[in-house]
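Please look at the sequence and the three-dimensional model shown below, and keep both in view while reading this report.

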Amino acid sequence: MSQSKEAAGRRAAEFIEDGMTVGLGTGSTVYFTLVALAERIAKENLAIRGVPTSIDTEVKARDMGIPLVALADVAQIDVTIDGADEIDGEFQMIKGGGGALLREKVVASLSTREVIVVHPSKVVERLGEGFLLPVEVVPFARPVVVHHLKQLGGTASIRMRSEKEPFLTDNGNEILDCRFDGGIPNARELDRTLNGIPGVVENGLFVGLAHVLVIGHEDGSAEVRERG
Ligand code: 5RP
């Protein structure tokens, strides 16, 4: 597993060029992009500025010596490298396994090119059959959102950090992990519907945001696919 993640993460770092503003995704696959990027900065004297999508990535990037910039000081991002929990043939994705979906989606929306790095198991026919869809909610509104999700045919469970405490995102919100029996036939429509529910901050469906997919393999090779 980690061989394939490293292969994908390192291959994606090759999309980064001198002078670029770079979105830095979150997760165990992107970790290897950070490692490769830090190596390139040291070896090639590459001048980039990174925009982290989570506090976790911010800390890791800073420790590795990757220069960072605040989102507020950036008008556009040249390339973002991020992971995914599921991605289909149209490059629609479920993200948010690590809880960073909101910042990841904001950064993706500003990115000219979004490169997704995955293990082969993340490539699926239909979203939502295997992985639960994360929905970030304002804690106050959680019961109302659960009720709306039920009406949409979803079953929601609150993501927990411990037996008693809900997991909180970097933005101080909670996550509902949602199952839709039979998966998600129309991701674009569900994305709009979910974000129309009062109390929902963002959901983990990423539609039309990914441009390039890098799939890493256990033999250390990486396959690059462009969105058709
Ligand atoms: C975090 C995410 C991650 O990109 C996603 O969970 C993939 O992570 P990993 O590369 O560790 O499997 O969306 O919110």
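## The nonpolar cores

Which residues of the largest nonpolar core touch the most other members? Among the 22 residues of this core, they are Ile16, Leu37, Ile48, Ile66, Val79, Val115 and Val214. A nonpolar core here is a set of buried Ala, Val, Leu, Ile, Met, Phe, Trp, Tyr and Cys residues joined through side-chain atoms within 4.5 Å, where buried means under 20% relative accessible area, exposed over 50%, and partly exposed in between, with a 1.4 Å probe and protein chains only. At least two residues of the core come from each of H1, strand E1 (21–24), helix H2 (30–44), strand E3 (77–82), strand E6 (111–118) and strand E12 (212–216), and H2 gives the largest share, 5 residues. Helices (H or I, at least four residues) and strands (E, at least two) are DSSP runs, numbered from the N terminus.

Leaving aside residues up to four places away in sequence, Ile16 touches Val22, Leu37, Arg40, Leu46, Ile48, Val79 and Ile81; such a contact means heavy atoms within 4.5 Å. Another core, of 19 residues, lies apart from this one, and Leu133, Ile197, Leu205 and Val207 are among its members.

## How the model is described

This is a predicted model, in which local features need pLDDT of at least 70 and side-chain atom pairs count only at pLDDT 80 or more, while totals for chains, interfaces and linings use all residues. Residues are numbered from 1 along each chain as its sequence is written, and side-chain values use heavy atoms, with hydrogens and water left out.

## The chain as a whole

The chain has 6 helices and 13 strands. Its radius of gyration, taken over C-alpha atoms, is 17 Å, close to the 17 Å that the globule rule (2.2 Å times the number of residues to the power 0.38) gives for 228 residues, so the chain is as compact as a globular protein of that length. Of these 228 residues, 49% are buried.

Ser4 belongs to helix H1 (residues 2–12), and Ser4 is buried, with a relative accessible area of 0%. Not counting residues up to four places away in sequence, Ser4 touches His119, Pro120, Gly216, His217 and Glu218.

## Around the ligand

A polar side-chain atom of Thr29 lies 2.6 Å from an oxygen atom of the ligand, and an N or O atom in the side chain of Asp85 lies 2.7 Å from an oxygen atom of the ligand.

Terms used: Polar contact = N/O pair within 3.5 Å; in protein donor to acceptor, adjacent residues only side chain to side chain.
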